[in-house]
Amino acid sequence: MAGEKVKFAADTSDRSLKDWIRALLILLLGLTIAHLGVTLFLLSELGTDTFTVFIQGLSLVCGLSVGTVHVIVLCILMVVMLFTTKGYVKPGTVVCAFCGGPIIDLFTWLLGGYVNGDSTMAVRCVSMLAGCVILALGMSIVINSNAGTGPNDLVAVILSDKIEAVEFRWIRVGCDLFFVVLGFILGGTVGAGTIAAVALTGPLVQFWLPVTKKWFR
């Protein structure tokens, strides 16, 4: 229903092994789709995604690689959320934290010859915008699996449940903007695609959530 507040908290304590396997398979499908979107976005070379801007900036300050800082930050977020919230950190959260990188590498290998910095601007723009739409689609599937979602995505999910007066889309925009501004201050790279991701990701995820929920009832 339009305007209805989305709630993400779900009790999975009674879920059977069969149900968990199904939920994790749905999560993996969503994760694969989401990271296809991330890959298309990154291959356009019009800017990094919002969370990566923050990771880039932090890596410059710490003197560590982007990959190392990414893993450290995700682990910290998981631990903090595990001890400060109930029911949000699930097995799928760990899957999201450690499987995303290899999926991006696979799609980069498959698609890098077709979309890259040498492609025409039209191709790069279409790739970036398609990436945002596909990322949001995959993210909505991951969220609706109720098997857990990535630690960085959980920030917006948890805040959305806690701040009942504000819709998820605006909470997500706020979180993305926070990561971008902080990352930029620390030295991360911001491009046109980054701004598009801030503006589009939250609204697109909220658009897809009721659609994909019907697919996997």
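Which residue just after α5 takes a positive phi? I looked there first. Asn-146 does, with a phi of about 55°. I note that this is a predicted model.

**Helix α5.** I checked the length of α5, residues 121–144. At 1.5 Å a residue, its 24 residues should span 34 Å. I get 35 Å between the end C-alpha atoms, which agrees.

**Helix α8.** I ran the length check on α8, residues 192–215. Its 24 residues should span 34 Å at 1.5 Å a residue. The end C-alpha atoms lie 33 Å apart, which agrees. I then looked for a bend in α8 and found a kink of about 35° at Leu-200.

**α2 against α3.** I turned to helix packing. Helix α2 covers residues 50–62 and helix α3 covers residues 66–84. They pack at an angle of about 110°, and their axes are 9 Å apart. Angles of 65 to 115 degrees count as roughly perpendicular, so α2 is roughly perpendicular to α3. I record the crossing as right-handed. From α2 the contact takes Phe-51, Phe-54, Ile-55, Gln-56, Leu-58 and Ser-59. They meet Val-66, Val-69, His-70, Val-73, Leu-74 and Leu-77 of α3. I sorted the residues of this contact by class: nine nonpolar, three polar and no charged.

**α2 against α7.** Next I took α2 with helix α7, residues 168–186. Their axes come within 7 Å and cross at roughly 30°. That makes α2 roughly parallel to α7. The crossing of this pair is left-handed. On the α2 side I list Thr-50, Phe-51, Val-53, Phe-54, Gly-57, Leu-58, Leu-60 and Val-61. On the α7 side I list Asp-176, Phe-179, Val-180, Leu-182, Gly-183, Phe-184 and Leu-186. By class I have 11 nonpolar, three polar and one charged.

**α1 against α4.** Last, I looked up helix α1, residues 17–43, and helix α4, residues 91–111. They pack at about 45°, with axes 8 Å apart. The two helices are therefore oblique to each other. α1 passes α4 in a right-handed crossing. Among the α1 residues in contact I note Trp-20, Leu-24, Leu-28, His-35 and Leu-43. The α4 residues they face as a group include Pro-91, Gly-92, Cys-96, Cys-99, Ile-103 and Phe-107. The class count for this contact is 17 nonpolar, six polar and no charged residues.

Key: Residues are numbered from 1 along each chain as its sequence is written. This is a predicted model: local features need pLDDT of at least 70, side-chain atom pairs count only at pLDDT 80 or more; totals for chains, interfaces and linings use all residues. Side-chain values use heavy atoms; hydrogens and water are left out. Axes are lines fitted to C-alpha atoms, for helices over the stretch in contact, and angles run from 0 to 180 degrees between N-to-C directions. Helices (H or I, at least four residues) and strands (E, at least two) are DSSP runs, numbered from the N terminus. Angles under 35 degrees count as roughly parallel, over 145 as roughly antiparallel, 65 to 115 as roughly perpendicular and the rest as oblique. A crossing is left-handed if the near helix is turned anticlockwise from the far one by less than a right angle, and right-handed if clockwise. Contact means heavy atoms within 4.5 Å. Ala, Val, Leu, Ile, Met, Phe, Trp, Tyr, Cys and Pro count as nonpolar, Asp, Glu, Lys and Arg as charged, and the others, Gly among them, as polar. The expected span of a helix is 1.5 Å times one less than its number of residues. The bend at a residue is the angle between axes fitted to the seven residues ending there and the seven starting there.
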